[in-house]
Amino acid sequence: WGAKKFKHGDEFITGVFSQRDIRKGELLCSVHRFAQLSDDTLDAMSFVRLGVRLEQKLARLSLFLIREQHRSVSRWTPYISIVREHDVSNVPIMYVNTPRFDALSADVRESVTKQYHTLVRLYTATKKLFRHMAIPLSLGVQCDDGSIGSKRARCSLETLNTIYSWDEFL
C-alpha cells in the first residue's frame, strides 16, 4: 500500500491505495497504544480525570489538545498543527450566529443547534472546574508571569481562561 495524490475536481487530494489484493483480516497498519489519542492514553499521561460521561471525555480530549498546543515542547505538536490548519469554515456548527445558518434546511438547523448547545454546556461545565484543574491545565504552558506551569507552579485563572477560550475549545 502507499499514499498517492489524486485529482478530485479542481484539487489534488492524498489518498491511500493498495498495490495488491488485501486478504480479509490482514493487518495493514499497527499503531502503538501510546501514539494514539484516546481516553486510555490520556489517563496514562496523567491528565486529569473529569469523569466517565461521553461529554466529559470529549472535554478532556479538547482540553488536552489545547494544552499541548500551548506548551513550548510537546510530542503532539506536529499532529495538532495539522488539525489546527484544517479549514472548518464549512462545518455547519460554525454557521451558528451567521447569515449562513439561515440558509440551512430546518432539520439541519435543528440538529446543528442541538450540537452547538451541547458544546456550550460542555464548555461552561468545564470552565467551572478550572480552579480544581489548574495544575494539570498549566503543565508546560507559559503563564502570564513568564513562568512555565509545573506540578508545583500553576498559571493564574485569568491565564487559563485566555488559553482555554471558547474559540480554542470550539
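**Terms and values in the predicted model**

Reply: Of the 170 residues of the protein chain, 28% count as buried, where buried means under 20% relative accessible area, exposed over 50%, and partly exposed in between (1.4 Å probe, protein chains only). This is a predicted model, in which local features need pLDDT of at least 70, side-chain atom pairs count only at pLDDT 80 or more, and totals for chains, interfaces and linings use all residues. Residues are numbered from 1 along each chain as its sequence is written, and side-chain values use heavy atoms, with hydrogens and water left out.

Me: What makes up the protein chain in terms of helices and strands, and in which pattern?

Reply: The protein chain contains 8 helices and 2 strands. These are DSSP runs numbered from the N terminus: helices are H or I with at least four residues, strands E with at least two. Along the sequence the pattern reads β-β-α-α-α-α-α-α-α-α.

Me: How do you know that the span of helix α5 agrees with its number of residues?

Reply: The expected span is 1.5 Å times one less than the number of residues. For the 23 residues of α5 (residues 106-128) this gives 33 Å, and the end C-alpha atoms are 33 Å apart, so the two agree.

Me: What is Leu-160 in contact with, leaving aside its neighbours within four places in sequence?

Reply: With those neighbours set aside, Leu-160 is in contact with Phe-130, Ala-134, Leu-137, Ser-138 and Cys-155; contact means heavy atoms within 4.5 Å. For the protein chain, among contacts between residues at least 6 apart in sequence, 40% join residues at least 24 apart.

Me: Why is Glu-68 called buried?

Reply: Glu-68 lies in helix α2. Its relative accessible area is 3%, and therefore Glu-68 is classed as buried. Leaving aside its neighbours within four places in sequence, Glu-68 is in contact with Ser-74, Trp-76, Thr-77 and Ile-80.

Me: Why is the pairing of Glu-68 and Arg-71 called a salt bridge?

Reply: A salt bridge requires a side-chain nitrogen of Lys or Arg within 4 Å of a carboxyl oxygen of Asp or Glu. The side chains of Glu-68 and Arg-71 meet at 2.9 Å, N to O, so the pair qualifies. Arg-71 counts as partly exposed, because its relative accessibility is 26%.

Me: Which other residue meets Glu-68 in a salt bridge, and how many salt bridges does the structure hold?

Reply: Arg-67 and Glu-68 meet through their side chains in a salt bridge (3.0 Å, N to O), and both residues are buried. The structure holds 4 salt bridges.

Me: What separates Lys-114 and Glu-110 within helix α5?

Reply: Lys-114 and Glu-110 are 4 residues apart in α5, so about one helical turn separates them. An α-helix has 3.6 residues a turn, so residues three or four places apart point the same way. The closest N and O atoms of the salt bridge between Lys-114 and Glu-110 are 3.5 Å apart. Lys-114 is exposed at 54% relative accessibility, whereas Glu-110 at 47% is partly exposed. Elsewhere, salt bridges that share partners join Arg-67, Glu-68 and Arg-71 into one network.

Me: Why does Asn-97 count as exposed, and where is its place?

Reply: Asn-97 counts as exposed because its relative accessibility is 70%. Its place is in the loop between α3 (77-85) and α4 (99-102). Phi of Asn-97 is near 65°, a positive value in a residue other than glycine.

Me: Is Glu-158 buried or exposed?

Reply: Glu-158, in helix α7, has a relative accessible area of 62% and is therefore exposed.
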